[in-house]
Structures are given as C-alpha cells and as structure tokens.
Amino acid sequence: MSLGERVQGMVELTRFGNTVAAGVLTFTGAFIAGFSAGDALAVVAAVVATVCATGAGNAINDYFDRDIDAINRPDRPIPRGAVTAREALWFSIALFLGAVVAAVTLPVLAIAIAVVNLLALVAYTQLFKGLPGVGNVVVGYLTGSTFLFGGAAVGDPLGSLVLAVLAGLATLTREIIKDVEDIAGDEEEGLRTLPIVVGERPALWVGAVVLAVAIVASAIPYVNGDFGLAYLGLVLPADAIMVGASVQSFSDPSAGQRRIKYGMYLAAVAFIAGRGASIVGITG
Ligand SMILES: CC(C)=CCC/C(C)=C/CC/C(C)=C/CC/C(C)=C/COC[C@H](O)COP(=O)(O)O
Ligand SMILES: CC(C)=CCC/C(C)=C/CC/C(C)=C/CC/C(C)=C/COP(=O)(O)OP(=O)(O)O
Ligand SMILES: [Mg+2]
C-alpha cells in the first residue's frame, strides 16, 4: 500500500464526517448553554476533545471488529489492507491521548463526562454492542452527552439538558432501526441485539415509542418560554420528518434510519435558531 492509501485508510477509520459532526454538536451545546469571548479556549478544547474521542472510538471499533468486517464490510480500511490492525490500534490510542490532553484543561464536570465517555467508547464493541438494547442506549447517551459536554466546558452543563435528552432519545430510536437493518450480519456474529432477541417489529415499536416521547418533549423549550417561533417553525417539520421516518422503518429500515438522521440535523438547527433568536431579542 502507498503512503497516500495508508493516510486515506487512517482518515476513513475515524469516519471523518461523523467526527466533524460530533465536534459541531459539542460547539452547539456550548452555544445553547451560553458562552462569552472568555470561553473561546474552553470551547476549542472541548471540540478538539470530542473530535479526537469520536475518531478514536470509531478506529478502535474497526480494530475489534476486524474479523467480522472481513465478512460484512470488506471495503473497510483494515480488511482491504490499507492499514494493519496494529496501526489502527496505535492510531486509536494516539487519538484517545489527544482527547485526554484537550479534556484535562476543562472544568471538573467536563473532565468527568470525558472520562465516562472515553471508557464507554473503549468498552462499546466488546462489552455493550452485543447486549440487547444496551449498545443502543450507550450510543444514544454518547451522542446526547456531546451537548452536556459543550455546556460543561463553559460552566453550565444543564444549559443544554433538554437538547441532550432529545438527541439521546432520537439516536436510541435510530440505533434500534439500524440493528434491524443489520440483523443478518449480526446473527452470523452471534450478537444478541434487540431485534434479534425480541423480533423485528417489537423492536421497531420500542423505537417508535421512544421517538414519540422525544417528539412530545420537543415542545418543552417553546412551552416554558425559553425559545419562540423561530424554534417552533423548525422543530415541527423536524418532528414530522422523524415520524415519517419511524413509519417508513417498518417497511424499509435502511431508508428510515437515514431519514431520521435528516430530521435530527434539522432539530439541531431549530435549537441553534431558537437560541440565536433569543440572543437578538426575538422572543415571539
Ligand atoms: C425529537 C427531537 C426534536 C429530537 C432532537 C434530535 C437532535 C437535536 C439531534 C441532534 C444530534 C444529531 C444531529 C446527531 C446526528 C447523527 C449522529 C452523528 C449520530 C451519532 O452517530 C452514531 C452512529 O452509530 C453513526 O452512524 P452512521 O451515521 O450510520 O455512520
Ligand atoms: C464528548 C466526548 C468526549 C465524546 C463523545 C463521543 C461521541 C459523540 C461518540 C458518538 C459516536 C459513537 C458512538 C462512536 C463509537 C463507535 C461506534 C459505535 C461506531 C459504530 O461502528 P459501526 O461499525 O458502524 O457499527 P457497529 O460496530 O456498532 O456495528
Ligand atoms: Mg463496527
């Protein structure tokens, strides 16, 4: 393999798009909680810690999954020979260290969230992924926690609590649907994911109920007066996209989980717009 192919393999190991998205979520958490110019360094450190941690988590997932991926995902960097398993492991360790170095500069609560998250990322593939629903809850927690982490970095972890809980619930639903999509491969690997244990339709119903709770709760920032019409005007279409996606997941899980992700991005934009409007004094 040429140097270029190895570097491309390393970048792919991190799932670059997802790592950048996770960094944006942490920045959003800090923005919703409220930051000033004096928080700039802490926000940068929190974003760097999130990007490194997510890249490390994805790389170590491919390291542990290398035999399974040789069958199910032969295009991934380790099975196709772009990077060796050892290189992937060392790359992941380097990224974990980068996350630790960035995180130790933050307030103690942010450090605590980082420690829990780094341990969860290391343990995910071997410990949580194969237990019914547990891996899904862990990924939901990790995604939601990025907002808490951004808030904690600027001294207000609870400032983005509603956003964190909604993101965690919507991610939980999406992960359950993704497990329905992956039943064939996961069964071959001997994993006990939720749809394998309880059946496809019951699992999709669990996902639908979790999403329904999140959608009802998405009214809270408007009802309690934190955000105004800018929020409502964007979160309602986001809710509608996610309801449609949940219904679609019963006939086409793959399309359903992709559509939920679009709804989640629009919901995140609704929070940013709601906060932006309240900063400039538009409260209606
Ligand atoms: C009901 C309601 C209003 C919910 C709020 C939803 C919200 C604000 C979500 C924000 C979080 C968000 C935009 C997440 C983006 C998706 C993401 C990066 C999820 C974490 O990824 C884990 C997953 O395993 C990666 O999968 P894939 O995308 O298939 O590579
Ligand atoms: C705030 C801090 C410090 C960290 C946040 C870290 C975040 C946002 C993680 C979210 C993304 C995540 C859960 C990554 C972990 C690795 C993972 C679940 C990878 C998915 O790998 P695939 O190979 O696609 O799926 P499976 O291995 O689960 O089948
Ligand atoms: Mg994997």
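1. Start with ligand 1. There are 23 residues around it, and N18, R174, E175, K178 and K261 come nearest. Keep in mind that this is a predicted model.

2. In R174, a side-chain N or O atom sits 3.0 Å from an oxygen atom of ligand 1. For E175, the separation between a polar side-chain atom and a ligand 1 oxygen is 3.1 Å. For K178, a side-chain N or O atom is 2.7 Å from an oxygen of ligand 1. R174, E175 and K178 are also among the residues that come nearest to ligand 1.

3. Now the burial of ligand 1. On its own, ligand 1 exposes 780 Å². The protein buries 87% of that area.

4. Which elements give two or more residues to the shell around ligand 1? They are α2 (16-33), α7 (134-153), α8 (161-181), α11 (200-217), α13 (229-249) and α14 (253-279). The most comes from α8, which gives seven residues.

5. The make-up of the ligand 1 shell is as follows. It holds 15 nonpolar residues, three polar ones and five charged ones. R174, E175, K178 and K261 are named among the nearest.

6. Turn to ligand 2. It has 18 residues around it. The ones that come nearest are N61, D65, R76, Y124 and K129.

7. Ligand 2 also has side-chain polar pairs to check. An N or O atom in the side chain of R15 lies 3.0 Å from an oxygen atom of ligand 2. For D65, the corresponding distance to a ligand 2 oxygen is 2.9 Å. For Y124, a polar side-chain atom is 2.7 Å from an oxygen of ligand 2.

8. Three helices each supply at least two residues of the ligand 2 shell: α3 (40-64), α6 (108-128) and α7. The largest share belongs to α3, with six residues. Note that α7 is also listed among the elements that give two or more residues to the shell around ligand 1.

9. Last, the classes in the ligand 2 shell. Seven residues are nonpolar, seven are polar and four are charged. For reference, the ligand 1 shell has 15 nonpolar, three polar and five charged residues.

Technical notes
Residues are numbered from 1 along each chain as its sequence is written. Chains are lettered from A and ligands numbered from 1 in the order in which they are written. This is a predicted model: local features need pLDDT of at least 70, side-chain atom pairs count only at pLDDT 80 or more; totals for chains, interfaces and linings use all residues. Side-chain values use heavy atoms; hydrogens and water are left out. A residue is near a molecule or strand if one of its heavy atoms lies within 4 Å of it. A polar contact is a pair of N or O atoms within 3.5 Å; within protein, one must be able to donate a hydrogen and the other to accept it, and residues adjacent in sequence count only if both atoms are side-chain atoms. Accessible areas come from the Shrake-Rupley method with a 1.4 Å probe; for residues, only the protein chains shown count as cover. Helices (H or I, at least four residues) and strands (E, at least two) are DSSP runs, numbered from the N terminus. Ala, Val, Leu, Ile, Met, Phe, Trp, Tyr, Cys and Pro count as nonpolar, Asp, Glu, Lys and Arg as charged, and the others, Gly among them, as polar.
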